[in-house]
Amino acid sequence: MAQWRWVFLLVGLVVGLGAVLLLADALLRLHAAIALLSPLLAQVVVGAILVAGAGAVGYGVYRLWPFLRPRRRRVQPPPPRNATEAATANFHVLQQQVAQIQDQVARQALAEKAKTLQFSSAAQVLTIAVFGVGSAGKTALINGLLGQTLGAVGAAMGTTQVQQTYPWYIPNVAKPLQLIDTPGIAETGVAGTEREQAARTVATEADLILFVIDDDLRQAEYSVLQALMAMGKRVLLVLNKADRYPETDLEALLARLRSRVVPPLSPDDVVAVAAQPQPLPQVGGGWLQMQPTLLPLQARLADVLRAEGETLMADNLLLQTQQIGETARQIIDSQRQAQADSVIERYQWLSAGAIAITPLPGLDFLATAAINAQMVVELSQIYGCEVSIEEGKALALSVAKTLTGLGLVKGTLDLLALGLQTNLATALAGRALKGTSGAYLTRVAGKSFIEYFRQNQSWGDGGMGAVVERQFRLNQRDAVMKAFIQEAITRIVPIVQG
């Protein structure tokens with residue numbers, strides 16, 4: 001295509017050069033003829049012609065330049081090389097999304113979330129959430145890892161009411177660490193449900209999760225664990241209170257746990273510990289308190305943090321930006337949907353009025369193409385697409401032909417005729433039918449265009465026909481149809497009566 005453009009340009013230049021030579025010869029002849037009467041007048045006339053010609057050429061070049069200049073290819077940014085670069089790119093996209101949100105409260109909340117996440121990533125602190133059911137021994141595990149008693153340990157469910165954060169350090173791990181003690185999950189009552197939601201929020205925001213259990217995985221635990229891993233969170237499964245099991249039973253339980261979570265977890269990611277071993281009876285009376293057995297977890301944590309520390313933080317940052325971005329996208333989508341519905345509402349009754357007052361022998365949906373083209377342009381602006389009025393006309397005509405080809409125009413007439421005759425006198429219903437049908441078809445077309453723009457100006461694998469027919473069926477629902485007919489009566493009847 002570019003080669004042909006340059007060929008046409010070369011031919012145009014040759015023709016233009018010939019025209020300039022002919023014009024110059026004509027101007028010389030004209031100057032000579034007028035100069036016989038007045039040399040001054042000859043110069044004025046020729047000068048005026050040259051100025052006008054130069055202006056015309058300049059205007060022509062100005063109008064044609066967009067078509068003649070080589071189009072610049074949009075420079076695509078290089079793909080992110082790692083999760084950190086991807087998260088940075090997501091931050092820029094997220095800022096653009098947040099700026100589009102019209103609801104001030106929602107926009108401010110998301111902006112604060114993004115700002116907090118950006119600050120936490122800059123602090124370079126790796127967070128480890130200790131997560132699990134109540135009384136699985138989470139607090140005792142944290143006390144053992146820290147080497148000091150900081151949190152209350154008890155047998156009652158829900159000992160940890162709110163999250164607690166403790167700074168931590170592991171030799172040969174450069175990153176500063178934080179251990180977060182979370183409330184237990186699967187607790188009863190409203191307060192327990194609220195604490196579980198808070199714990200889940202902490203877990204989804206942490207870089208690494210220690211999922212603590214004290215027996216085989218219960219269904220509630222397994223569901224939460226699966227959800228966290230499906231989200232992409234890095235998890236170590238910690239079987240606490242291992243001292244309660246004989247060695248053979250413990251090995252069998254660990255094998256069972258590994259079979260349930262591998263993959264995506266490695267067998268090494270399932271470890272057994274005893275954060276607060278039960279005291280043993282001594283010969284001659286008394287009890288001997290055993291030391292915590294945390295070495296398997298400490299060794300695995302050290303290996304993971306040394307090998308994956310940077311990746312864990314980058315992956316979590318990327319995940320957090322994606323989640324905030326998805327929330328922003330949903331808000332924007334709802335916002336656009338409301339705006340688009342308002343546009344469709346306005347244009348469907350404009351179409352109805354145009355058809356109702358036009359003396360046509362039958363319903364001519366194509367007669368409202370200009371109205372529907374303008375609707376397409378406004379919908380495209382809502383969804384950030386660039387559609388000219390000519391492109392809008394082409395799209396409107398294509399959808400109108402699709403409606404006719406699928407038999408949906410006749411289907412609309414049959415569908416609405418019964419509803420209008422039920423609510424109006426037969427004669428009045430017949431006169432109102434054309435306008436109401438036009439409004440309904442415009443509504444279906446508008447809903448179809450929404451899908452087209454939501455899919456980045458694509459009709460999808462099924463093509464235009466599938467989208468149009470699906471929207472026709474969706475708007476055919478009983479409640480939608482009744483509400484539509486009632487509104488049509490209040491809007492169309494005054495037009496046909498007038």
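Author: Strands here are DSSP runs of E with at least two residues, and helices are runs of H or I with at least four, both numbered from the N terminus. The model is a predicted one, in which local features need pLDDT of at least 70 and side-chain atom pairs count only at pLDDT 80 or more, while totals for chains, interfaces and linings use all residues. Residues are numbered from 1 along each chain as its sequence is written, and side-chain values use heavy atoms, leaving out hydrogens and water.

β1 (residues 126-132) and β4 (residues 208-213) pair in the parallel sense over five bridges; strands count as paired if DSSP finds at least two bridges between them. β1 also pairs in the parallel sense with β3 (residues 177-181), over five bridges, and there Val 130 has Asp 181 as its bridge partner.

Seven of the seven residues of β1 are buried, that is, under 20% relative accessible area with a 1.4 Å probe, protein chains only. In a regular strand, side chains alternate between the two faces of the sheet. Leu 126, Ile 128, Val 130 and Gly 132 point one way from β1, and Thr 127, Ala 129 and Phe 131 point the other way.

Leu 141 touches Val 130, Val 212 and Leu 297, among others, not counting residues up to four places away in sequence; contact means heavy atoms within 4.5 Å.

Technical notes: Buried means under 20% relative accessible area, exposed over 50%, partly exposed in between (1.4 Å probe, protein chains only).
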